[in-house]
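Work through the exercises below with the model open. Try each task before reading its solution.

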Amino acid sequence: MKHIITIQHTQSVHHTNGMVGSWTDWDLSELGRQQADNIGRNLVDYVGEAKFVLYSSDLQRAAQTAEAVGKHLGLTPILRPELREGNLGKACGKSVQWLRENLEQPEKTVDDRLFSDGESRRDAWNRLLPFFTEIMENEEENILIVSHGDLLSLFNAMFLGLQVESMNTCQLSGLAGGVSRMFVDDNGKRFIKRLSDLSFVL
């Protein structure tokens, strides 16, 4: 039996100022900090006495979410760069408007890069895959993961046993502060019980 809880980081400054997120290292907004604290507080009752391991992207908005959650659960986040959001290359540090006006390649398939020095979805998938394999095969039974919207959509597809090419036609996305709960039973069957549950941020 394996229990995985994923958390999409809460509101970041870039959600409010029209700037690109990606690998730009934004902090949480004040609302985002409160949301992260709420998630941690609400998870205490949900996880009970179960002992979890907490992994997080090393970008500040995710790490700050993980720190707030970990404070309530007595956990120190293990920062993993594999959990970073997709890299948009030269668009990092730019506005969303700049991105739209300077887009080099529309994303029609998982192999397209919006900017030549950024990642395609396949690149991000290949970056995430060793971490995913590690946690699915190790002895850790209860795992918390804090990451980003696009990266967690890849994680969701992996968990369901889909191939990266499936994302040419579909995507399992969430919202900032969304908490998803997944289980693997003793027969290896995988279940997503909730996807991007926002009740924890309240």
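The exercises cover a pocket, a cavity, salt bridges and a surface patch in this predicted model.

**Exercise 1. Describe the largest pocket: its volume, its lining and the elements that build it.**

Solution. 
- Start with size. The volume of the largest pocket is about 540 Å³.
- Next, find the centre. The lining has 27 residues, and those closest to the centre are Ser22, Glu85, Gly86, Leu88 and Asp150.
- Then assign elements. H1, helix H4 (96-102), helix H5 (121-137) and H6 each give two or more residues to the lining. H6 gives the most, with four.
- The lining splits into 10 nonpolar, 10 polar and seven charged residues.

**Exercise 2. Take Ser22. Where does it sit, is it buried or exposed, and what is its phi?**

Solution. 
- Locate Ser22 first: it is in the loop between H1 and H2.
- Check its accessibility. Ser22 counts as buried because its relative accessibility is 5%, and the cut-off for buried is under 20%.
- Read the backbone. Phi of Ser22 is near 50°, a positive value in a residue other than glycine.
- Look for another case. Ser196, in strand E6, has a positive phi of about 55° and is not a glycine. Ser196 is buried, at 15% relative accessibility.

**Exercise 3. Describe the largest cavity and its lining.**

Solution. 
- Count first. The structure holds one cavity of 30 Å³ or more.
- Its volume is about 80 Å³.
- List the lining. There are 14 lining residues, and Gln8, Leu152, Asn156, Gly174 and Ser180 are the closest to the centre of the cavity.
- Trace the elements. Strand E1 (2-8), helix H6 (149-159) and strand E6 (190-197) supply at least two residues each. The largest share, four residues, comes from H6.
- Sort by class. Four lining residues are nonpolar, 10 are polar and none is charged.

**Exercise 4. Which parts of the chain does the salt bridge between Glu134 and Arg80 tie together?**

Solution. 
- Confirm the contact. The side chains of Glu134 and Arg80 form a salt bridge, 2.9 Å from N to O.
- Glu134 lies in helix H5 and Arg80 in the loop between strand E3 (78-79) and H4, so the pair ties together parts 54 residues apart in sequence.
- Glu134 is partly exposed at 32% relative accessible area, whereas Arg80 is buried at 15%.
- Widen the view. Arg80, Glu82 and Glu134 are linked in a network of salt bridges.

**Exercise 5. Which residues form a nonpolar patch on the surface?**

Solution. 
- Name the members: Leu160, Leu162, Leu172 and Leu195. Together they have about 280 Å² of accessible area.
- Examine one member. Leu162 is in the loop between H6 and strand E5 (179-184).
- Classify it. Leu162 counts as partly exposed because its relative accessibility is 33%.

Note on methods:
Residues numbered from 1 in each chain as written. Predicted model: local features only at pLDDT ≥ 70, side-chain atom pairs only at ≥ 80, totals over all residues. Heavy atoms only, no water. 1 Å grid on protein atoms, 1.4 Å probe; cavity = no way out; pocket = protein on both sides within 12 Å on 5 of 7 lines; lining within 4 Å. Points joined across faces, edges and corners; volume = space filled by probe spheres on them. Nonpolar A, V, L, I, M, F, W, Y, C, P; charged D, E, K, R; others polar. Patch = residues over 30% accessible without salt bridge, like charges linked within 9 Å, V, L, I, M, F, W, Y side chains within 5 Å. Areas by Shrake-Rupley, 256 points an atom, 1.4 Å probe, with all protein chains shown as cover. Salt bridge = Lys/Arg side-chain N within 4 Å of Asp/Glu carboxyl O. Buried < 20%, exposed > 50% of the residue type's maximum accessible area, 1.4 Å probe, protein only.
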